[in-house]
Amino acid sequence: MSSEPLLKVSGVETYYGNIRALAGVDVEVHKGEIVSLIGANGAGKSTLMMTICGSPQARSGNVVFDGEDITRIPTHLIARRRIAQSPEGRRIFPRMTVLENLQMGAGLDNLKYFKEDVEKIFTMFPRLKERQSQRGGTLSGGEQQMLSIGRALMSRPKLLLLDEPSLGLAPLIVKGIFEQIKRLNKEEGLTVFLVEQNAFAALKLSDRAYVMVNGKVTMSGTGRELLADPSVRAAYLEGGGH
Ligand SMILES: Nc1ncnc2c1ncn2[C@@H]1O[C@H](COP(=O)(O)OP(=O)(O)OP(=O)(O)O)[C@@H](O)[C@H]1O
Ligand SMILES: [Mg+2]
């Protein structure tokens, strides 16, 4: 690919105190791609997502988004540059209703599109429409995941970061969420960077993928290449290939 990537992470090191969670990470995501990141528990996947969003900040290396170095930019200003994150554990606002949560996602910049965008989310996840006046904290796990993704989309992101969208969800709901991600990518050109425990589903969905081990990227390739790779199969797919 010749054009500049939408997101370029170069040599990023991130620490928690003295512990180095990312040990020099290089990752690129191009406009219109779905890219996934797989790896064992504690590999540093969520840390990479959070470092892209500026909290915690990288201690060395840099993160360039849409041509701008955002490594040292405060996290609330990074959100305004149209990177939206649906974090691990779906941090929705539990006391706000579904509709209010979506409003928070839209932010001030996008309030003029609010009606139109809410309708889109409700078409995508009809369950949220039925539950629009219910408090977020009382939704089921799957419904909260839909809300978390819906809220991220309300900001009209150029890049959507999803951390474990399938965590704890029934296979049918996971399938539905992955279908919606694919559809948004195909129909609206949404660029997605995805962390997934469910490596099989992620690799099938993705144009490209990275494997992370102990804070380092150890392998990358097309989704298809990694699906076929014996070491990937042994470490991440055997026994769980559904
Ligand atoms: N706030 C924190 N303070 C100290 N150490 C942390 C903190 N958050 C994460 N870590 C450590 O950093 C390492 C990477 O964690 P991270 O959450 O990025 O892994 P992960 O790949 O997302 O794992 P999982 O698949 O379990 O979600 C782990 O060793 C973890 O214990
Ligand atoms: Mg994680």
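Guide: Helices (H or I, at least four residues) and strands (E, at least two) are DSSP runs, numbered from the N terminus. This is a predicted model in which local features need pLDDT of at least 70 and side-chain atom pairs count only at pLDDT 80 or more, while totals for chains, interfaces and linings use all residues. Residues are numbered from 1 along each chain as its sequence is written, and side-chain values use heavy atoms, with hydrogens and water left out.

Visitor: Where is arginine 82 found?

Guide: Arginine 82 isn't a glycine, yet its phi is positive, about 75 degrees. As for its place, look at the loop between helix 2 (75-79) and strand 6 (83-86).

Visitor: Which domains does the assignment give?

Guide: Domain bounds here come from an automatic or database domain assignment. Their C-alpha centres lie 23 Å apart for domain 1 and domain 2. The ranges are domain 1 (1-82 + 159-242) and domain 2 (91-156).

Visitor: Which salt bridge partner does lysine 120 have?

Guide: A salt bridge needs a side-chain nitrogen of Lys or Arg within 4 Å of a carboxyl oxygen of Asp or Glu. Between domain 1 and domain 2 the count is one. For lysine 120, the closest N and O atoms are 3.8 Å apart, and the partner is glutamate 188.

Visitor: Which element gives the largest share of the side of domain 1 that touches domain 2?

Guide: Two elements give two or more residues to that side: strand 7 (159-163) and helix 7 (171-188). The largest share, six residues, comes from helix 7.

Visitor: Which ring does the charged end of arginine 156 sit over?

Guide: A charge counts as over a ring if NZ of Lys or CZ of Arg is within 6 Å of the ring centre and within 35 degrees of the ring normal. Arginine 59 does this over the face of tyrosine 15, at 3.9 Å from the ring centre. Arginine 156 sits 3.6 Å from the centre of its ring, that of tyrosine 113.

Visitor: What is omega for the cis peptide bond that joins serine 55 and proline 56?

Guide: Proline 56 is in the loop between helix 1 (45-52) and strand 4 (60-65). The cis bond from serine 55 to proline 56 has an omega of about 5 degrees.

Terms used: Chains lettered and ligands numbered in written order.
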